[in-house]
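Hi,

Here is the structure I said I'd send over.

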Amino acid sequence: MKKKKNIFFGTLEEMSDTIVEACEYFAKHVSELKDVTVFAKDMKEMESRCDRYVHTILTELNKTFITPIEREDIMALTTSLDDVLDGIEACASRFEMYHIQDPDEYITLFADILVRSAHQIKKAIYMLGEKKLLAIREPAIAINELENQADDLLRVGVKTLFAREKDPIELIKRKEIYERLEQTSDYCEDVADRLESIVMRNS
Amino acid sequence: MKKKKNIFFGTLEEMSDTIVEACEYFAKHVSELKDVTVFAKDMKEMESRCDRYVHTILTELNKTFITPIEREDIMALTTSLDDVLDGIEACASRFEMYHIQDPDEYITLFADILVRSAHQIKKAIYMLGEKKLLAIREPAIAINELENQADDLLRVGVKTLFAREKDPIELIKRKEIYERLEQTSDYCEDVADRLESIVMRNS
Amino acid sequence: MKKKKNIFFGTLEEMSDTIVEACEYFAKHVSELKDVTVFAKDMKEMESRCDRYVHTILTELNKTFITPIEREDIMALTTSLDDVLDGIEACASRFEMYHIQDPDEYITLFADILVRSAHQIKKAIYMLGEKKLLAIREPAIAINELENQADDLLRVGVKTLFAREKDPIELIKRKEIYERLEQTSDYCEDVADRLESIVMRNS
């Protein structure tokens, strides 16, 4: 089915599939962290797979004269999708680096927001491949709303952390994890913004 | 008076008015923090107002064929003005999140730099609306100089903090506030850079 | 020899020479920190010199009608080179701000990566001036690989820091220095990405 797809749209779709897979893996395992080393390693594997998709797109761009949308847009979209994977992988790695084995309610809530954002990204990327440009607005708005939720969650989470946690080193670790999870949600928003900009110039 | 204005320039001007209002409010109230909850709430209200201006510009861009300057430039300028409001609001919220009620000399000095930067931004945005492109260079240079002052202030402030503050949690809180204030000044510089790039390509 | 050079390529080359000089100075002196004030001051001097090159390029862009590559590309490349200098100078200044006089193995390893990245940047910038566009790919790939090494080093360094350092204020200081060194390597990667984008559109 993907064989007939344009190579650029097909690979962007594979990147969005990997984002869904990574966010779901993260959400599932972060709530029951048995082995942080395996957890970080599995996330790294998905991130490396995404890097290979980036490489495919770059290589194809270099040998293709006519692209379905502007090459600069393909590049920017690819980079922003890659940033999402890098972001969630960097979060996962901190559990291993900081030996954190007891996640908390905020981490679980962030993970849920990221899963929902990932599905909206996938939806939007597939709409791009099907040239349903105007339909992209809906998932783009949903991603923006999820990002607002992540921002609110960061504020409540960090406020609670400062109120409860008296060990400064524990506080540093957890604050950074919250911030990186929120930043990953920002990267999802960058994908949405990039898509809206493509829609604006092509419809 | 604004009725005759182009909708894009008019809305950008309203954004710059809100930046001045927010920075002045911040500077006035941060030196005598009676109620951090009200302080954070008021700043959030101004930030939300700015989000509505962004929405107006986006909606207009989608239904307008001919724009006074390139649509990409309008978008980039809008985003950079929005970042300034987001930045100063994020600073204000930290006073509430961290229960900080005793500001210090550095916070006051940062606030003063931001008030001055906000006025230069407003000046430059109005010049854009009046098509006085070459005149924009002057406020743009002023914003860059203020950003250098903010950077120097951050260094002195953080150095002093590490020399004086022995409670690591207090240090984390205040260091973050200084850094976010300095970052807001960076966002002001981004507005200036964006304007200079528009001037360069249109004069 | 440089007299015949195009002013833009010539100045970009001088920026890349300064990046090599600054990274080598940093690597040489960070391992034997006798006077952190002199160390920070010398690095600041190189950073200011780079600011003057940026100013030269901006001034020339404003009075030149035909540029050898697109003006937007010259601007973006200039900014990304300037970011590298700003990044390494900000690292150096932290040794003075935090009174750190005993560097560690990780700082030395980061410095080595930055020296190697700086040489690759210089190589690539000179290739641009000589219009050897396709040859740029090789140093660009090398810079990307060095950035991956810096990212791995950050993870090992921070993990070790959290395992060993029990003083939270010491931990904050050193974590920030590692992160800023890694970020400088990200700025080097931005230069490479920018160059690859220029190559893509001009070959």
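A word on naming before anything else: helices (H or I, at least four residues) and strands (E, at least two) are DSSP runs, numbered from the N terminus. This is a predicted model, in which local features need pLDDT of at least 70, side-chain atom pairs count only at pLDDT 80 or more, and totals for chains, interfaces and linings use all residues. Residues are numbered from 1 along each chain as its sequence is written, chains are lettered from A and ligands numbered from 1 in the order in which they are written, and side-chain values use heavy atoms, with hydrogens and water left out.

Let's start with Ser16(A), which sits in helix α1 of chain A. That helix covers residues 7-30, 24 residues in total, and spans 34 Å from first C-alpha to last, close to the 34 Å expected at 1.5 Å a residue (the expected span is 1.5 Å times one less than the number of residues).

Is Ser16(A) buried or exposed? Ser16(A) counts as buried, because its relative accessibility is 0% (buried means under 20% relative accessible area, exposed over 50%, partly exposed in between, with a 1.4 Å probe and protein chains only). Leaving out neighbours within four places in sequence, Ser16(A) is in contact with Ile121(A), Lys122(A), Ile125(A) and Tyr126(A) (contact means heavy atoms within 4.5 Å).

Now the core. The largest nonpolar core has 213 residues, and Phe26(A), Phe26(B) and Phe26(C) have the most contacts inside it (such a core is a set of buried Ala, Val, Leu, Ile, Met, Phe, Trp, Tyr and Cys residues joined through side-chain atoms within 4.5 Å). Not counting residues up to four places away, the residues that Phe26(B) touches include Phe39(B), Met43(B), Cys91(B) and Leu181(B).

On cysteines: there are 0 disulfides over all chains (a disulfide is a pair of cysteine sulfur atoms within 2.5 Å).

Cheers
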